[in-house]
Amino acid sequence: DLDTTLDIDKMAEVTVLAHSRIYTGGSSPVFFPDGAVAWNGDTVRAVGDTPQVLAQFPDAHVLEGKNRLVLPGFICGHAHFYGMFSRGMALKDPPPADFLQVLERLWWRLDRALEDEDTYLSAMVCLIQAIKCGTTTIFDHHASPNAITGSL
């Protein structure tokens with residue numbers, strides 16, 4: 001497995017994730033079948049073929065990528081964190097016939113039942129799941145007439 005332990009003394013030095021399959025994304029995407037990413041702190045210093053990146057940073061702390069796939073962070077432009085609580089939820093009413101009934105029978109009922117800690121925990125669960133899937137930026141579209149103070 002990939003060693004993900006952090007050593008504070010090594011934070012200033014460059015770290016290289018080597019021998020990974022890297023896809024850069026963007027408007028001019030590049031794929032490196034034996035790629036490496038070099039960084040220190042929160043700054044990426046180089047992305048490229050493993051031999052070239054290792055030559056550029058010969059004193060780097062090297063993590064073995066073991067051919068894992070490395071992608072840029074994904075962006076989700078529309079999410080409903082509190083909707084996490086509706087997964088598998090059965091409605092006591094007949095199925096909604098239109099969007100207004102969906103709001104009335106599911107979302108607005110859920111909104112009225114939420115407390116501060118519920119809103120916080122639903123966000124934490126969704127954020128943890130997002131990070132595990134590579135999503136690094138999320139816009140939570142929590143809007144409702146019954147939202148608790150501070151939840152929006």
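1. Cys133 and the cysteines. Cys133 is exposed in this predicted model, with a relative accessibility of 58%. Cys76 is partly exposed, at 26% relative accessibility. How many disulfides does a search of the whole structure find? The count is zero. For Cys76, the closest cysteine sulfur belongs to Cys126. The two sulfurs are 9.7 Å apart, which is too far for a bond; a disulfide needs the sulfur atoms within 2.5 Å.

2. Thr137 and its partners. Thr137 sits in strand β7, which covers residues 135–140. Setting aside neighbours within four places in sequence, Thr137 touches Phe74, Ile75 and Cys76. Phe74 is 63 residues from Thr137 along the chain, yet their C-alpha atoms are separated by 6.8 Å. Thr137 counts as partly exposed, with 40% relative accessibility.

3. The main core. Which residues form the largest nonpolar core? It has nine: Val14, Val16, Ala18, Ala36, Ala38, Ala46, Val53, Phe57 and Ala60. Strands β1 (15–23) and β2 (31–40) are the elements that give two or more residues to this core. In soluble globular proteins, nonpolar side chains tend to be buried together.

4. A second core. A separate core has five residues, among them Ala79, Phe81, Ala123 and Cys126.

5. The salt bridge. Searching the whole structure gives one salt bridge. The side chains of Arg109 and Asp93 meet there, at 2.6 Å from N to O. Which parts does the pair tie together? Arg109 lies in helix α2 (residues 99–113), and Asp93 in the loop between β6 (74–79) and α2, so the bridge links parts 16 residues apart in sequence. Both ends are partly exposed: Arg109 has a relative accessible area of 30%, and Asp93 has 24%.

6. A nonpolar surface patch. Phe85, Tyr120, Leu121, Met124, Leu127 and Ile128 make up a nonpolar patch on the surface. Together they have about 520 Å² of accessible area. Ile128 is found in helix α3, residues 116–132.

Note on methods:
Residues are numbered from 1 along each chain as its sequence is written. This is a predicted model: local features need pLDDT of at least 70, side-chain atom pairs count only at pLDDT 80 or more; totals for chains, interfaces and linings use all residues. Side-chain values use heavy atoms; hydrogens and water are left out. Patches are made of residues with over 30% relative accessible area and no salt bridge: like charges are joined within 9 Å, nonpolar side chains (Val, Leu, Ile, Met, Phe, Trp, Tyr) within 5 Å. Accessible areas come from the Shrake-Rupley method with a 1.4 Å probe; for residues, only the protein chains shown count as cover. A salt bridge is a side-chain nitrogen of Lys or Arg within 4 Å of a carboxyl oxygen of Asp or Glu. Helices (H or I, at least four residues) and strands (E, at least two) are DSSP runs, numbered from the N terminus. A nonpolar core is a set of buried Ala, Val, Leu, Ile, Met, Phe, Trp, Tyr and Cys residues joined through side-chain atoms within 4.5 Å. Buried means under 20% relative accessible area, exposed over 50%, partly exposed in between (1.4 Å probe, protein chains only). Contact means heavy atoms within 4.5 Å.
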